[in-house]
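Hello,

Here is the structure you asked about. My notes follow below it.

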Amino acid sequence: MNGPFCLVVNPAAGHGRSLRVLRAATALLDASSADYEVATSDSLDHARDLAAKAAKQGQVVVAVGGDGMAGALAAVAAREAARFGIIPAGNGNDLARGLGIPFQPAAAVPALIQGRERKVDLIAVEHGAQPEIVVAGSVYLGIPSVAGEIANSTRWLRGPAVYPVAGLRAVAGWTPAGFRVEIGHGPQQEVHEFSGYAVVVANASYFGAGMKVAPQAQADDGVLDVLTMRDAPRLVFLRVLMKIRSGSHLSLPQIGAARGAEVTITVDRDLPAAADGETLPCAAPLRAGEPLRLRALPGALTVAVPA
């Protein structure tokens, strides 16, 4: 993928890891005589503005940060028909993981400038009268979204280990919620109503810093993978946490899996809804009985991946 590149960096990603990654990445780009500039953001909204400006100037939009930054800028790049790249620098880096983009700058930068272009899907999210937003990896409600809020507010523990700890804390305080999940529409529509722990709608295999929540998901197949977890004793959910890293949790009877291009979710109580490691701005929280509508956007994003 030829430049010019615009590296949009979140200085706070990974508790400052992004600045260390940025220094290594720019040194490699300099050594390759690559045409690039660095744009430092002070918020996700600011990062989106910087990315839109870069896209309009014909630059490749490159996210230097974690999943929140990568997902936000992927949406901008898709909207502006710009090419996109990732230099991972967050705690989770699940979008990069799913695309096979290396975490170390020494490998990520060559993948950016010498790799290949891949067309991948994104997810459109609509809630009430709010404008539709676009996310990249997955949308989730229940234990994962509650755990995400806990992880994002935790200061005493850093790195990927914060996610399983946050998951355990979320489980400890959880009471089952009633979910309704509609997949597709018309005569072939599937409807699942259950009391339980979670719904995950995934375009990518990973979330929560390497948890393989949707092992069958493909980022370029035009459909979304829908994972549900029905009510069970807390010990069963702990088994899910033990198995999810390898993707073997699908063998548990409490886990349901389905696929579709359109998904609508409603819950019987207020719950946070999240995507790509961040709370969804259009549904914070999702109110009881209000539908959250999602649809696949096939081939919406052109991203640099290893050759």
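Is S18 buried or exposed? In this predicted model, S18 is buried, because its relative accessible area is 0% and buried means under 20%. S18 is found in helix α1, residues 17–31. Its side chain reaches the backbone oxygen of N10 at 2.5 Å. A polar atom of the S18 side chain also lies 3.4 Å from the backbone oxygen of P11.

On salt bridges: a search of the whole structure finds 12. Three of the pairs are described here.

- D45 and R48 meet through their side chains at 2.8 Å, N to O. Both lie in helix α2, three residues apart, about one turn of the helix. D45 is exposed at 53% relative accessible area, while R48 is partly exposed at 29%.
- E117 and R83 meet at 3.8 Å, N to O. This pair links distant parts of the chain, with E117 in strand β5 and R83 in strand β4, 34 residues apart. E117 is partly exposed at 43%, and R83 is partly exposed at 25%.
- R259 and D221 meet at 2.4 Å, N to O. R259 is in strand β11 and D221 in the loop between β9 and β10, 38 residues apart. R259 counts as partly exposed at 42%, and D221 is partly exposed at 28%.

Helix α3 gives the most to the lining, with seven residues. By class, the lining has 16 nonpolar, three polar and six charged residues.

Regards

Methods
Residues numbered from 1 in each chain as written. Predicted model: local features only at pLDDT ≥ 70, side-chain atom pairs only at ≥ 80, totals over all residues. Heavy atoms only, no water. Helix = DSSP H or I, 4+ residues; strand = E, 2+ residues; numbered from the N terminus. Nonpolar A, V, L, I, M, F, W, Y, C, P; charged D, E, K, R; others polar. Buried < 20%, exposed > 50% of the residue type's maximum accessible area, 1.4 Å probe, protein only. Polar contact = N/O pair within 3.5 Å; in protein donor to acceptor, adjacent residues only side chain to side chain. Salt bridge = Lys/Arg side-chain N within 4 Å of Asp/Glu carboxyl O.
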